[in-house]
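I wanted to look things up one at a time and write down what I found.

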Amino acid sequence: MAIQQRQHVLISKDWYRVCEVYKPNDAQWALQAKAVLDRLQLVVAERSIAFHTKIQPTVQYLGRLLAVPKRAIDTSAEELIRAGSAATLSALINRFNPVLRKVANLGCWQVISPVEVGGFVTSVNELITVQNKVYKKPTVIIATKVTGEEEIPDGVVAVLTPDTPDILSHVSIRARNCKACLSVCFATCYDQNLLRNLKLKEGKAVSIKIKSMDLIIRDISASELSLSSSVFSSILRRTSTLKRKTFRGKYAVSVEEFTTEMVGAKSCNIRFLRERVPSWIKIPNSVALPFGTFEAVLSENINKDIASRVIGLHKSVSGGDLTKLKEIQTAIQQMRAPLSLKNELASKMRTSRMSWPGDQSEERWSLAWQAIKRVWASKWNERAYVSCRKASLNMDNLRMAVLIQEVICADYAFVIHTKNPLSGDESEIYAEIVKGLGESLVSAYPGRAMSFITRKNNLKNPIIASYPSKNIGLFSKPSIIFRSDSNGEDLQGYAGAGLYDSVILDEEDKVVLDYSTDRLLIDKAFQASVLSRIAEAGKIIETLYGCPQDIEGVVKDGVIHVVQARPQI
């Protein structure tokens, strides 16, 4: 409750700030006002859910004792919520939203993946509940909740939602690269009446066309849909393959030793950038546990019982029992570290000017070892396993290196796509930025990031596309992060990024954000400077690789740090 009260106070402060700079018919002002209302709407929704969760069990208990009709029991908590002030506030927000969107020149839709498709409508509450399903005919899913972490099911041609995942979140990227050569239409709908009418078309066929980054949806007959493609008669065969990597005898390697045979694309790109970017772009110090380290440690005598258990559980999973995936992950967490691994890793980290956890205490090394095992175990998380199976990738060939980097205590984190993912315009850079660490951007944290677009021939004039509406930011003290770096994350035609875990040694602090004093919002000169330098870093890195890039980084005291780069998909 204290967090929600603080959110109310800070949202009110920001609302007063926005009102003080009001300009009639100003698109940028409307975008700022809309972001404040979006934050308020998130808080109203969270409080309503919390109230419902708290009161409904009591209602059900008393209702059964008093023989109250089931329908009255099921709707009692909802009616109490609707009778309160939150319902009035929600109605006001819904009244203002269309007005602000019109002034800001926004349509009813935020199109995340602009693809023209046709399919049969079906509604679900949460996308994650159907991510493993295979639809036998082209399907347009209307999902009430999308977190940003889901897989898009096979056979789905469009996902429409009132939820607001970031445009550069994992699910958004996978939508634009779903099923190798076919993307999926993915869009947020801001018109509740429109969404309600779409849900009434359950089981009916519709076509979706794109017009000026808006969706035009019309009814069509089932015969108008082309079902000849093998995409809908069977799971699409992808061309990606996994090449098994072998252990090279080293438990730890420095950045100078990173090669494609030793580590994944994340690590190799860090070495590439360290050797080529200008000095004003900083690259974090890094070491890695190379491919095959997990398998080598598992084969040690100290882990032979765990190895036998993992082998047995893996056979069950291969036979179709996915419930055993959790048991594999639990077994891996019980592995013991060979002394030689500990010593090699300590040596590499010290010579790479990184803090070795064991120098602080044995407990810190134990926490680091647990983090390493969590990264290894994430190979067997259900979403990743199902994704690889759908892509016909042989899991036995997947190897997990671990990239270990120092954590920059970020003021802001950003993701850059050096080709505008919304329009496909290669002359434009699109980026998103949040306060704190980037996990709140790419993963399941409600609200939108600040976003901007800039032309590559005019980096000094970024155009704000959206203002931040995330109420919570993640912050960290100086620490280290253990990043998954498998041989299955950056394959041609397969969006494997984000499927596996990265683990920070020290848990992040969740902080309620105060945008009313945020320099990035209130200091236009600072804003232009930071955004233009982010865009410039993106352009430089794209030039180095010779193709569009997906880049992650942070800003600390005005300095740009790039922590990851990969080909944009």
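**Entry 1: what kind of model**

I noted at the start that this is a predicted model.

**Entry 2: the five-stranded sheet**

I looked up a sheet with five strands. The sheet is open, its order is β8-β10-β11-β17-β18, and the pairing is antiparallel. Which strands sit at the edges? I found β8 (253–254) and β18 (503–504) there, each pairing on one side only.

Next I checked β11 against β17. Strand β11 covers residues 400–407 and strand β17 covers residues 479–486. Eight bridges join them, and they run antiparallel.

Strands of a sheet pair through backbone hydrogen bonds, in a parallel or an antiparallel way.

**Entry 3: around strand β21**

I moved on to β21, which spans residues 559–567. How many of its nine residues are buried? I wrote down seven, so the strand is mostly covered; buried here means under 20% relative accessible area.

Strand β21 pairs with β20 through eight bridges, and these two run antiparallel. Glu552 stands opposite Gln564 of β21. The hairpin of β20 and β21 has two residues between the strands. In this hairpin, Asp557 takes a positive phi near 55 degrees.

Strand β21 also pairs with β9 (residues 281–282). That pairing is parallel and has two bridges. Ile281 stands opposite Ile560 in β21.

Gly546 is in the loop between α17 (524–545) and β20 (549–556). Its relative accessible area is 65%, so I marked Gly546 as exposed. I also checked Gly546 against Pro567. They are 21 residues apart in sequence, and their C-alpha atoms are 9.7 Å apart in space.

**Entry 4: aromatic rings**

I counted ring pairs and got eight aromatic pairs. I took Tyr22 and Trp29 as my example. Their ring centres are 4.8 Å apart and their planes stand at 80 degrees, so the pair is edge-to-face. Are these two residues buried or exposed? Tyr22 is partly exposed at 48% relative accessibility, whereas Trp29 is buried at 12%.

I also found one aromatic cluster formed by Phe294, Trp356, Trp365, Trp369, Trp376 and Trp380.

Then I looked for charges over rings. Lys137 lies over the face of Phe120, at 4.4 Å from the ring centre. Arg519 lies over the face of Phe526, at 4.0 Å from the ring centre.

**Entry 5: a nonpolar patch**

Tyr61, Leu62, Leu65, Leu66 and Val68 make a nonpolar patch of about 520 Å². Leu62 has 42% relative accessibility, so it counts as partly exposed.

**Entry 6: positive phi in loops**

Asn105 has a phi of about 60 degrees. Where is Asn105? I found Asn105 in the loop between α4 (85–103) and β1 (109–113). Asn105 is exposed because its relative accessible area is 66%, and the cut-off for exposed is over 50%.

Arg353 has a positive phi near 60 degrees. Arg353 lies in the loop between α11 (339–351) and α12 (357–360). At 62% relative accessibility, I put Arg353 down as exposed.

Technical notes. Residues are numbered from 1 along each chain as its sequence is written. This is a predicted model: local features need pLDDT of at least 70, side-chain atom pairs count only at pLDDT 80 or more; totals for chains, interfaces and linings use all residues. Side-chain values use heavy atoms; hydrogens and water are left out. Helices (H or I, at least four residues) and strands (E, at least two) are DSSP runs, numbered from the N terminus. Buried means under 20% relative accessible area, exposed over 50%, partly exposed in between (1.4 Å probe, protein chains only). Patches are made of residues with over 30% relative accessible area and no salt bridge: like charges are joined within 9 Å, nonpolar side chains (Val, Leu, Ile, Met, Phe, Trp, Tyr) within 5 Å. Accessible areas come from the Shrake-Rupley method with a 1.4 Å probe; for residues, only the protein chains shown count as cover. A salt bridge is a side-chain nitrogen of Lys or Arg within 4 Å of a carboxyl oxygen of Asp or Glu. Rings of Phe, Tyr and Trp (its six-membered ring) pair if their centres lie within 6.5 Å; planes under 30 degrees apart count as stacked, over 60 as edge-to-face and the rest as tilted. A charge sits over a ring if NZ of Lys or CZ of Arg is within 6 Å of the ring centre and within 35 degrees of the ring normal. Two strands pair if DSSP finds at least two bridges between them.
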